[in-house]
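This report looks at one strand and its neighbours, and then at contacts that involve aromatic rings. The sequence and structure come first.

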Amino acid sequence: MTTSNIVLDLIDAFRRSKTMFAAVELGIFDGLRPADCKELPRLLDACVALGLLEKRGEEYINTPEAERFLRSDTPDTLSGYIRYSNNALYPMWGHLEDAVREGGPRWKQTFGWDGPIFSHFFRTEGAMREFQKGMHGFGRLSSPAVVAAFDLSRFHRLVDLGGGTGHLAEAAHDRYANLETAVFDLAQVAEMFPGTIAGDFFSDPLPSADLYSLGRILHDWSEDKIAKLLGKIYAALPAGGGLLIAEKLLEPDYVSGHMQSLNMLIVTEGRERSASEYEALLRAAGFSKVDSCRTGTPADAILAIK
């Protein structure tokens, strides 16, 4: 599927991604074979070559990985994030040169949309559900490892700020049965997931807790907004309280992290950061002890103690 020539491999890389995106959009991994697709066998054979389908006689069958991650109805599905990647990220990445030259997200340039960045994610209930579904798939891969990275047994109540579907809070409760957990998120998200506490972590009071968590949140924002949020969390914590952070931790050769940092440039006002950069932000907010841990999943872990 790849060559030993990195340049040739990268020339071809977007074609492989787009092939998977198109197959998900057309429902191929859900067993659909749209009759209006004149060249469907060509797409199916390409998916076989990519290791996403197996051909058995005249039938095309999902491989185990496709069955788990590409069917739309499985607990671990990534189909929501793939559709978001196809319909939003893929067009916006076409303006990467402008993002590098000018800085700032490409929503307006690509779609003509203006306003706060997350207004685009949540412009309709369907779009919001699809985005949350995508984040849930990533969370299922990483949240169990994040909550296992440190001993959290001394904490009593965790509130996951911007916690979406609740995958991190659920993983924490599964590992620590005595840990009370709650999710705090925007009103539109809270309406979708009963039990979620509605609020904006920038402008509303935070629910009481001795452990807060932020899963793939800080990379969305500028240093000024991060400083404001971390200061607010620090003030709300009791002495000895903690903040658990799930983010990619940049290292010089961490390809996925650097690709995601470019993605943040295109989509948000934030970026990915190294463990030392997060530590500096946390210590500036007042936290006295900061530890980090690579998890081997899409999100690494940081624990800061007041």
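## Strand β9 and its partners

In β9, Ala304 is the bridge partner of Val290. The model is a predicted one. Together β8 and β9 form a hairpin, with six residues between them. Gly296, in the turn, has a positive phi of about 80°.

Strand β7, residues 242–247, also pairs with β9. The sense is antiparallel and the pairing covers six bridges. Within it, Leu244 stands opposite Leu303 of β9.

## Burial of β9

Is strand β9 enclosed or open? Strand β9 covers residues 300–305, and six of its six residues are buried, so the strand is largely enclosed by the rest of the structure.

In a regular strand, side chains alternate between the two faces of the sheet. In β9, Asp300, Ile302 and Ala304 point one way, while Ala301, Leu303 and Ile305 point the other way. The residues on both sides are buried.

## Aromatic pairs

The structure holds nine aromatic pairs. One of them joins Tyr81 and Tyr84, with an edge-to-face arrangement, 5.5 Å centre to centre and 65° between the planes. Both tyrosines belong to helix α4, residues 79–93, and because they are three residues apart there, about one helical turn separates them. Tyr81 and Tyr84 are both buried. Another edge-to-face pair is made by Phe201 and Phe202, at 5.1 Å centre to centre and 70° between the planes.

With buried meaning under 20% relative accessible area, Phe201 counts as buried because its relative accessibility is 11%. Phe202, with a relative accessible area of 18%, is therefore buried too. Returning to the tyrosines, ring pairs link Tyr81 and Tyr84 with Phe138 into a cluster.

## Charges over rings

Which ring lies under the charged end of Arg294? The ring is that of Tyr254, and the charged end of Arg294 sits over it, 4.3 Å from the ring centre.

Terms used:
Residues numbered from 1 in each chain as written. Heavy atoms only, no water. Buried < 20%, exposed > 50% of the residue type's maximum accessible area, 1.4 Å probe, protein only. Helix = DSSP H or I, 4+ residues; strand = E, 2+ residues; numbered from the N terminus. Pairing = 2+ DSSP bridges. Phe/Tyr/Trp six-rings, centres within 6.5 Å; stacked < 30°, edge-to-face > 60°. Lys NZ or Arg CZ within 6 Å of the ring centre and 35° of its normal.
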